[in-house]
Amino acid sequence: MNNIGLTYSNFKLGRTIMVISHTDNSAELINTITHECYHFIQHIAKVNNITNEETLALLTGRFNMCLWDTICYITNGSN
């Protein structure tokens, strides 16, 4: 199965796992990663009682920046 992701957070332990399946193309990869990042940021917001949308947007951008080298490696792109 392609184009599937899963994000699970154990709030008690403060740990999250994100799994992205093989995707059909780079656009699907970005779509799936973005979708799972949304869930991850929502988990962070829940644990930390963050409701400010701008703060959540900034966290999303920072998290995506942390993933950039990995995304480039997966897609054989350059950073």
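Let's start with Glu36. In this predicted model, Glu36 is buried, yet it has no salt bridge. Where is the nearest side chain of opposite charge? That side chain belongs to Lys46, and it is 15 Å away. A salt bridge needs a side-chain nitrogen of Lys or Arg within 4 Å of a carboxyl oxygen of Asp or Glu.

Now, where does Glu36 sit? Glu36 lies in helix H1, which covers residues 26-48. What is Glu36 in contact with, leaving aside its neighbours within four places in sequence? The list is Gly5, Leu6, Thr7, Met18 and Ile20.

Pick out Leu6 from that list. Leu6 lies in strand E1. Leu6 also belongs to a nonpolar patch on the surface, along with Tyr8, Ile17 and Val19. Together, these four have about 390 Å² of accessible area. Which strands supply the patch? Strand E1, residues 5-10, gives at least two of its residues. Strand E2, residues 15-20, also gives at least two.

How many aromatic pairs does a search of the whole structure find? The search finds 1. The partners are Phe40 and Phe63, with ring centres 4.5 Å apart. Their planes are at 35 degrees, so the pair counts as tilted. Stacked would need planes under 30 degrees apart, and edge-to-face over 60.

What does the pair tie together? Phe40 lies in helix H1, and Phe63 lies in helix H2, residues 53-74. So the pair ties together parts that are 23 residues apart in sequence.

Notes:
Residues are numbered from 1 along each chain as its sequence is written. This is a predicted model: local features need pLDDT of at least 70, side-chain atom pairs count only at pLDDT 80 or more; totals for chains, interfaces and linings use all residues. Side-chain values use heavy atoms; hydrogens and water are left out. Patches are made of residues with over 30% relative accessible area and no salt bridge: like charges are joined within 9 Å, nonpolar side chains (Val, Leu, Ile, Met, Phe, Trp, Tyr) within 5 Å. Accessible areas come from the Shrake-Rupley method with a 1.4 Å probe; for residues, only the protein chains shown count as cover. Helices (H or I, at least four residues) and strands (E, at least two) are DSSP runs, numbered from the N terminus. Buried means under 20% relative accessible area, exposed over 50%, partly exposed in between (1.4 Å probe, protein chains only). Lys and Arg count as positive and Asp and Glu as negative; His and the chain ends are not counted. Contact means heavy atoms within 4.5 Å. Rings of Phe, Tyr and Trp (its six-membered ring) pair if their centres lie within 6.5 Å; planes under 30 degrees apart count as stacked, over 60 as edge-to-face and the rest as tilted.
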